[in-house]
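Visitor: I would like a close look at a single part of the picture. Please take me through the salt bridges, one by one.

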Amino acid sequence: MNTPVAGPGTQAEQILRGVGGAGNIESLTHCATRLRFQLHDGAKVDAAALDALDGVMATVPQSGDRLQIVIGGAVARVYSEIMNLPSMSGGGTARPESDADVKAAMRAKSRGRYAWVDNFFEYLSDSFRPLMGVLLGSSLIIAIASVLDALGVVDFRAADKSATWVFVDAMWRSVLYFLPIMVAYNASKKLKVDPWVGAAVMAAVMTPNFTGMLNPKSGIPGITCTTNGTLGTQECVAHVFGLPMQLNDYGGQVFVPLLMVALLALVYKGLQRIFPETVHLVFVPFFSMLIMIPITAFLIGPLGVWAGNGLGEGLSWLNGNAPIVFAIMIPLIYPFLVPLGLHWPLNALMLVNINTLGYDFIQGPMGAWNFACFGATAGVLLLSLRHREKEMRQTATGALAAGLLGGISEPSLYGIHLRFKRIYPRMLVGCLVGGVIVGVMGGVDTKAFAFTSLLTIPVFSPMATYSIAITASFFVSMALVYFSDFRTPEDRAQANAERDAAEEASRGEAEAADDRELVAVGAAASAAGSVAGPGSVSGAPAPAAGASTSSSASAAGKGIELAAPVAGRVVGLDEVGDPVFASRALGEGVGIEPADGRVVAPVDGELIIVAATGHAFGIRTADGIEVLIHIGIDTVQMKGEGFDVRAEAGRQVSVGDLLVEVDLDAVRAAEHPTVTLMTVTNTADLASVEPHTGQTVTAGAPVVTVRR
């Protein structure tokens, strides 16, 4: 039975409820866009309720009771908030399990028939994913240097660079060279081994002492170096303890730490079982290093280098012998690898290629996939603007920015593409077009590991080929999504109906707010009139509101004329299209279809009301007549845009004094009626209020006669 998410609490608390509570969490980590849960019982997850939460793009259940919740750019904040909850005081690990919990977890883990496959790729992914930020940072440093190189500011690839540019090299090479140590640290954490032990083992074969043996002129006894006549490379062997040890520069190697940590986990946990817990801190790391450093140097290191080189050479062969097939294959398989987190092995091969060949040929065609993905997102954004889909517009805008500027595709995939089945086929066409262009034009290489974004275009060569390919991928996907829609016709009709209903409800709320504001203006005017001095008629008998004639009219005395506040055609309140004014709740009066935007005072008196938005004014005459001028219908929603107020409350005005200048085109553009209304808010206290409609007048012409 699922744990309900609904209920009070922060986003973090709601997510915690949705995954079954803190007691159901074995561990929690995060990447650039996703929260990654290892749960005791995946059946306790309420995926539907989690998907409904604000800020959650998608939930992705996986085998082995793993769960991913896609958050987007705010993932670090959400992770921190979850970890800081009192129930998560265990630091991301749940409280000790009961016997029932252990049995439930074992049953759950046995459910996945191919869980080992998931575990393998999860191991690869979690070893690289935490490094996304520094990898992105180093790729942008390379991109900046490449731009300066292209502009002729510096020769980025020269052998005799100045100390300044040697230092710049160090800034990005720090990540790539020491990547094996970072991968070893993450892989050790994944396999629940002391990560510093894993890092120390890998660092041992990267120290100056070890790499110094690669120099045949070092003078160290026991080292022999030969030259490979086929490849032209130098191979060195050191005799250590009487055994031959192949020497390699392990900077940038990623397969070596992955293989090493897998064996380290067995050794480390075996030693924990051998030694008493009281001496684990001393002897487990000591013997782990004593065993694993020689094994890594003699066996795992060379094996990892051979494996990486072999895979790289295999893909290089395909790229050299069937470049079009290779260039098409890469962008077409990536859309299926990334959502499953299976793309990291290919990313590892890119690093191997750079380390062994000096360049990589995978990232170029891969860029076609990324930009096809971003193009599809752009198509969705254009459609959301066209169909006024606010939520989708916000999602697509954020996803497109993350993609074009950071080269990160997850917000697009999880926030949009995987939710609508029509997007993938259209996106794949963009991938195909970009791949064909790369293949036909001879391929694209890069000498740096770079996230494929707008900022890293200069690191690819030939840059023109790459630019043409990613541009074609982007616009083909965007056009296909835009012109054929990401929704089916039925879904589009339903979405439009829901949008219209939501807008109507919103409009109704705005109109109600406007009505309340109008009534408040009228009430304020009346309240001000009730405390007026001479001429106040608050105690007079009250005929029916809105009456334009009265039996007492003959005794009412001479009529008072109210002037038109704006030039235009005069209409009755029944014709203005607003139920509040038509009901005469704000008194009798007229509407004027304005000929221009100059609105002036219709009477002499005190300006007692000036709406902050500039769309409404209240004036009280010396003999107690209270007049409301309201420009347009629902124009309160414009929040003052297009209204240039020229008067302030409390001042005395005369007929013809300018109150406000209105940009009528702006009112029309906001889809509001421009009719200007003038009513006598204390009509009920007067003998009669007589509108004169059906005429075209200039500002200042009489349009209403009021009789006391």
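Guide: A search of the whole structure, which is a predicted model, finds 12 salt bridges. The idea behind them is simple. Side chains of opposite charge can pair when their charged atoms come close.

Start with Arg487. Its partner is Glu389, and the closest N and O atoms are 2.7 Å apart. Now see where the two sit. Arg487 is in the loop between α19 (463-484) and α20 (489-530). Glu389 is in the loop between α15 (363-386) and α16 (390-406). The two residues are 98 residues apart, so this pair links distant parts of the chain. Are they buried or exposed? Both Arg487 and Glu389 are buried.

Go on to Arg620 and Glu606. Their side chains meet in a salt bridge too, at 2.7 Å from N to O. Here the partners lie in strands. Arg620 belongs to strand β15 (residues 616-620), and Glu606 belongs to strand β14 (residues 605-610). The pair therefore ties together parts that are 14 residues apart in sequence. What about their surroundings? Arg620 has a relative accessible area of 14%. Buried means under 20%, so Arg620 counts as buried. Glu606 has 24% relative accessibility and counts as partly exposed.

Next comes a pair within one helix. The side chains of Arg668 and Asp665 form a salt bridge, 3.1 Å from N to O. Both residues are in helix α22 (residues 664-669). They are three residues apart there, which means that about one helical turn separates them. How accessible is each partner? Arg668 is partly exposed, at 45% relative accessibility. Asp665 has a relative accessible area of 55%. The cut-off for exposed is over 50%, so Asp665 is exposed.

Take Arg598, Asp644, Arg646 and Glu661. These four are linked in a network of salt bridges.

Look back over the pairs. Arg487 and Glu389 join two loops. Arg620 and Glu606 join two strands. Arg668 and Asp665 share helix α22.

Key: Residues are numbered from 1 along each chain as its sequence is written. This is a predicted model: local features need pLDDT of at least 70, side-chain atom pairs count only at pLDDT 80 or more; totals for chains, interfaces and linings use all residues. Side-chain values use heavy atoms; hydrogens and water are left out. Helices (H or I, at least four residues) and strands (E, at least two) are DSSP runs, numbered from the N terminus. Buried means under 20% relative accessible area, exposed over 50%, partly exposed in between (1.4 Å probe, protein chains only).
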